[in-house]
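Reader: I'd like to go through this one label by label. Can you show it to me, and then I'll ask what is behind each term?

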Amino acid sequence: MGQILALMLAAALPGAALAGDAAAGRQKAQMCSVCHGPVGVAVAPETPNLAGEPEGYIGRQLRAFRSGKRQHEVMNVIAKSLSDEDIDNIASWFTSIKVTATAP
């Protein structure tokens, strides 16, 4: 019983083990760099930064674009070509990027 509880707690914690392969995600995410930048910091205006975002959030959004539940002219087309494994890997890559902020 204690092991099950420990596993459940570990899975719920931020920074718990990532489901995807960040190295594979880095390769697949090269197509994302045109708008979201090579390390997930957007280069296009009004494009969200992806670096450091939670893996679950990125995965949910990509799946929503793929299914058409979330609409965006470019993202719907891109996401349609992604498998679940691709999405998990891309999410893992962007989550693995460390972001820092400095107060002015």
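Author: One definition to start: helices here are DSSP runs of H or I with at least four residues, numbered from the N terminus. On that basis Glu 46 sits in the loop between helix H3 (33–36) and H4. Also, this is a predicted model.

Reader: How confident is the predictor, then, and where does pLDDT stay under 50?

Author: The protein averages a pLDDT of 87, and 83% of the residues score at least 70. The stretch where pLDDT stays under 50 is residues 1–16, with 2 contacts beyond four places in sequence. Where pLDDT is low, the predicted coordinates should not be read in detail.

Reader: What makes Pro 38 exposed?

Author: The cut-off is again over 50%, and Pro 38 comes out at 64%, so the label is exposed. Pro 38 lies in the loop between H3 and H4 too. Leaving out residues up to four places away in sequence, Pro 38 touches Ser 33 and Trp 93. Pro 38 and Phe 94 are 56 residues apart in sequence, with 10.0 Å between their C-alphas.

Reader: And Trp 93, why does that count as buried?

Author: Buried means under 20%. Trp 93 has 11% relative accessibility, so it counts as buried. Its place is in helix H6. Beyond four places in sequence, Trp 93 touches Ala 22, Gly 25, Arg 26, Ala 29 and Pro 38. Trp 93 and Glu 55 are 38 residues apart in sequence and 8.5 Å apart in space, C-alpha to C-alpha.

Reader: How do you know that Asn 89 is buried?

Author: Asn 89 has a relative accessible area of 8%, and the limit is under 20%, so buried it is. Asn 89 is in helix H6 as well. With residues up to four places away left out, Asn 89 touches Gly 20, Asp 21, Ala 22, Ala 24 and Gly 25.

Reader: What covers the buried residues of H6?

Author: The cover includes helix H2 (22–28) and helix H4 (55–67). The buried residues of H6 include Ile 87, Ile 90 and Phe 94.

Reader: What makes the span of H6 close to the expected one?

Author: H6 covers residues 84–96, which is 13 residues, and reaches 18 Å from first C-alpha to last. The 18 Å expected at 1.5 Å a residue is close to that. H4 also has 13 residues and reaches 18 Å, close to its expected 18 Å. After H4 comes Gly 68, with a positive phi near 90°.

Reader: Why is H4 called roughly perpendicular to H5?

Author: The axes of H4 and helix H5 (residues 73–80) come within 7 Å and cross at roughly 95°. Angles from 65 to 115 degrees count as roughly perpendicular, so H4 and H5 get that label.

Reader: Which residues make that contact?

Author: From H4 they are Leu 62, Phe 65 and Arg 66, and from H5 they are Met 75, Asn 76, Ala 79 and Lys 80. By class, that contact has 4 nonpolar, 1 polar and 2 charged residues. Leu 62 and Phe 65 are among the buried residues of H4, and what covers those buried residues includes H5 and H6.

Methods
Residues numbered from 1 in each chain as written. Predicted model: local features only at pLDDT ≥ 70, side-chain atom pairs only at ≥ 80, totals over all residues. Heavy atoms only, no water. pLDDT = per-residue confidence, 0-100. Contact = heavy atoms within 4.5 Å. Helix = DSSP H or I, 4+ residues; strand = E, 2+ residues; numbered from the N terminus. Expected span 1.5 Å × (residues − 1). Buried < 20%, exposed > 50% of the residue type's maximum accessible area, 1.4 Å probe, protein only. Axes fitted to C-alpha atoms, helices over the stretch in contact; angles between N-to-C directions. Parallel < 35°, antiparallel > 145°, perpendicular 65-115°, else oblique. Nonpolar A, V, L, I, M, F, W, Y, C, P; charged D, E, K, R; others polar.
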